[in-house]
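Good morning, and thank you for coming.

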Amino acid sequence: MKTVKDVSKLTGVSIRTLRYYDEIGLLKPTELTEAGYRLYDSKALGRLQEIMFFRELEIPLMDIKKIIDNPNYDKEQALSAQKSLLEQERNRLNGIIGLIADVMEGANTMSFEPFRNEEIQKIVNHTLGCMSEEKLGEQVEKYGGMEQYKRHLASGFANEQAAADLLKWYGSKEKAIEAVMQSTGNGEEIKQEQEENAKIYKQFMAAKEAGDMDMAHSAVEMLAENYKAMFSLGNARNILLDLAKEYLQSGKLAEAADSQFGKGCSEYVAHAIQHYYGV
């Protein structure tokens, strides 16, 4: 048996609150001593824990009493529902935290400033300089000449939607340009990042097989870190949400993921990302 003071110390619920719970019949002490002191056994402590979980969901005290005192009350089912609701709240907060991080990084997704021609040419020339002779030769042949390939590279930055996505991911045109100019085309680095991505996607598939959303959320966190490294991002939230959207449209990216890692991979990854960020 524990005294009201012991219970307060153990749970963080104030003595005054415990007395109030007694007054309204929400949590009665197991017994009273001759001196009138409240004592609580393990069963009472278990009920208090359930009350605390319900309070985290901001359910009114009298509603909690009705739920717990209901003859059909199923503790395991209630805990499962509480867990699900708290996970949803956690995911919503993940999204808010991501948005705050975007703002701290200087993101302003409400504005759009197109890339100037000289900026595009600077990026194109840097990209060409980072390519191996073999890779550059393949692309030049594919597009029918160097000038045609340059125009292809430039078109990506001139495209309004693509430019808007870059601004959304990086927060500003200057940061997007800086990130591109930091890229070196180092084959070994790219290989390591691709290998890390493959490990992460295998974890997604293991989570899918096991029905383990915690494992999937861990994979989302790892994917975010890898994307931040790959694209020199301060926050990967927007680019991952765009990736999820692309996967759910069942385009080439989805086909590639499903082909490499297994049927349903792209859809599962997309839903895991959206779930993690509370979308």
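Predicted model: local features only at pLDDT ≥ 70, side-chain atom pairs only at ≥ 80, totals over all residues.

I start with Asn94, which touches Tyr276 and Tyr277 when residues up to four places away in sequence are not counted; contact here means heavy atoms within 4.5 Å. Residues are numbered from 1 along each chain as its sequence is written, and side-chain values use heavy atoms, with hydrogens and water left out.

Asn94 lies in helix α5, residues 75–104. Helices (H or I, at least four residues) and strands (E, at least two) are DSSP runs, numbered from the N terminus. Is Asn94 buried or exposed? Its relative accessibility is 15%, so Asn94 counts as buried; the term buried means under 20% relative accessible area, exposed over 50%, and partly exposed in between, with a 1.4 Å probe and protein chains only. The C-alpha atoms of Asn94 and His275 are 9.5 Å apart, although 181 residues separate the two along the chain.

Leaving aside neighbours within four places in sequence, His217 contacts Arg90, Asn91, Ala272, His275 and Tyr276. His217 is also buried, at 5% relative accessibility.

For the chain as a whole, there are 15 helices and 3 strands. Of its 279 residues, 36% count as buried. Among contacts with a separation of 6 or more, 61% come from residues 24 or more positions apart.

The strands form an open sheet in the order β1-β3-β2, with antiparallel pairing; two strands pair if DSSP finds at least two bridges between them. β1 (2–3) and β2 (31–32) are at the edges with a single partner strand each, so one side of each has no neighbour in the sheet. Between β2 and β3 (residues 38–40), which run antiparallel, there are 2 bridges. Glu31 has Leu39 of β3 as its bridge partner.

I turn now to a helix pair. Two packed helices are described by the angle between their axes and the distance between the axes. Helix α13 (residues 237–248) packs against α14 at an angle of about 85 degrees, with the axes 7 Å apart. The axes are lines fitted to C-alpha atoms, for helices over the stretch in contact, and angles run from 0 to 180 degrees between N-to-C directions. That angle makes α13 roughly perpendicular to α14, a label that covers 65 to 115 degrees. Leu243, Glu246 and Tyr247 of α13 meet Leu253, Ala254 and Ala257 of α14.

In the loop between these two helices sits Ser250. Ser250 has a positive phi of about 55 degrees although it is not a glycine, and it is exposed, with a relative accessible area of 52%.

Which residues of α14 (residues 252–261) are buried? They are Ala254, Ala257 and Phe261. These residues cover an arc of only 65 degrees around the axis, which puts them on the same side of α14; the arc is that of the directions from the helix axis to the C-beta atoms. On the other side of α14, the exposed residues are Lys252, Glu255, Ser259 and Gln260. Just after α14, Gly262 adopts a positive phi of about 125 degrees.

Methods:
Parallel < 35°, antiparallel > 145°, perpendicular 65-115°, else oblique.
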